[in-house]
Amino acid sequence: TCTYAGCTDPIACNYNSTAGCTDGSCDYITIGNSILHSGMECPDTTCIGSEVTYSVTGNPLSVYEWNISGGGSLTPDKNTCDVAFGFNSGTYTLSVSEITPSGCLSDTITCEIVVIIPHINFDTNSYTICLNGTLPLSAIPPNGEWDSDFVTNNSFVGTMAGSFTVGYTGRVQGCDVKEYIT
C-alpha cells in the first residue's frame, strides 16, 4: 500500500522525493535547447520588413512564453512564433520558455537575430560607354536578374545615345532586393 503517491522519477520536473509510489503524474520539460528558423539553429540574420517563423521542439500541451527585445511584433502559436520585423536595423534577442501542464518552468532559450538593410554591391553606381559599345555588368550577390532592354547576358549594349537606368534584382539574406545603376 502507498500512503503518499506522486512523481517518483528523479529526472521529471515535478519529481517528489517524499512520494512513496508513482501516480503517473510525472511531467518533463520538452523544449529542447535551441530556437530554429527554416530548420536551422540560431543565430539568424534577416532583412528589415521581413517576417520569420521561429520554433522549438516541445509538448503541444505546454504553454510557451515568447518575448523579443529590440522591437518587432510577435504572433505566438504554442511552440512556433512569427516575428514581423519593422524597418529598424539592429540586433534583436528572441527568447522562449516552456510551462508544462503541471506548471514546471523551463530555462529560457534565446536566439540572437541581426536585422539588416539589404544592399546590392555594384562595381560603381554609374558607367560611361561609347555609342554601340558593350559594357560587362556585375553585382553581388551574383545570379540576380538585370532589368533593361539594353542588357544581354550581363552586358549593357549602348545602341542609343542617352542616360539609362538599369535595375538589378538579387536575393540578400533571403530577401529580394532591387537597386539601380546608371
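Reader: Leaving aside its neighbours within four places in sequence, which residues is Asn-88 in contact with?
Author: The model is predicted, so local features need pLDDT of at least 70 and side-chain atom pairs count only at pLDDT 80 or more, whereas totals for chains, interfaces and linings use all residues. Residues are numbered from 1 along each chain as its sequence is written, and side-chain values use heavy atoms, with hydrogens and water left out. Taking contact as heavy atoms within 4.5 Å, and leaving aside neighbours within four places in sequence, the partners of Asn-88 are Ile-48 and Val-115.

Reader: Is Asn-88 buried or exposed, and what is its relative accessible area?
Author: Asn-88 sits in the loop that joins strand 9 (80–84) to strand 10 (90–99), where strands (E, at least two residues) and helices (H or I, at least four) are DSSP runs numbered from the N terminus. On a scale where buried means under 20% relative accessible area, exposed over 50% and partly exposed in between (1.4 Å probe, protein chains only), Asn-88 is exposed, with a value of 54%.

Reader: How far apart in space are Asn-88 and Met-40, C-alpha to C-alpha?
Author: In sequence, Asn-88 and Met-40 are separated by 48 residues. In space, the C-alpha to C-alpha distance between Asn-88 and Met-40 is 24 Å.

Reader: Which strands stand at the edges of the open sheet of five strands?
Author: Two strands count as paired if DSSP finds at least two bridges between them, and this open sheet runs in the order 4-3-6-9-8 with antiparallel pairing. Two of its strands each have a single partner strand, so one side of each is left without a neighbour in the sheet, and these are strand 4 (40–41) and strand 8 (73–77).

Reader: In strand 9, which residue is the bridge partner of Ser-55?
Author: Strand 6 (residues 51–55) pairs with strand 3 (residues 36–37) in the antiparallel sense over two bridges, with His-37 partnered by Tyr-54 and Leu-36 standing opposite Ser-55. Strand 6 also pairs with strand 9, again antiparallel, over five bridges. In strand 9, the residue bridged to Ser-55 is Thr-80.

Reader: Which residues form the covered face of strand 6?
Author: In a regular strand the side chains alternate between the two faces of the sheet. Strand 6 has an uncovered face made of Glu-51, Thr-53 and Ser-55, while its covered face consists of Val-52 and Tyr-54.

Reader: Which residue in strand 17 stands opposite Thr-134?
Author: An open sheet of three strands has the order 13-17-16, with antiparallel pairing. Strand 13 (134–136) and strand 16 (151–152) are at its edges, each with a single partner strand, so one side of each is left without a neighbour in the sheet. Strand 13 pairs with strand 17 (residues 155–157) over three bridges in the antiparallel sense, and opposite Thr-134 stands Val-157.

Reader: What radius of gyration does the chain have?
Author: The chain contains zero helices and 19 strands, and along its principal axes the C-alpha trace spans about 100 × 25 × 20 Å. The radius of gyration is taken over C-alpha atoms, and the globule rule is 2.2 Å times the number of residues to the power 0.38. A compact globule of 182 residues would come out near 16 Å, but the chain has 27 Å.

Reader: Among contacts in the chain between residues at least 6 apart in sequence, what percentage join residues at least 24 apart?
Author: Of the 182 residues in the chain, 34% are buried. Among contacts between residues at least 6 apart in sequence, the share that joins residues at least 24 apart is 48%.
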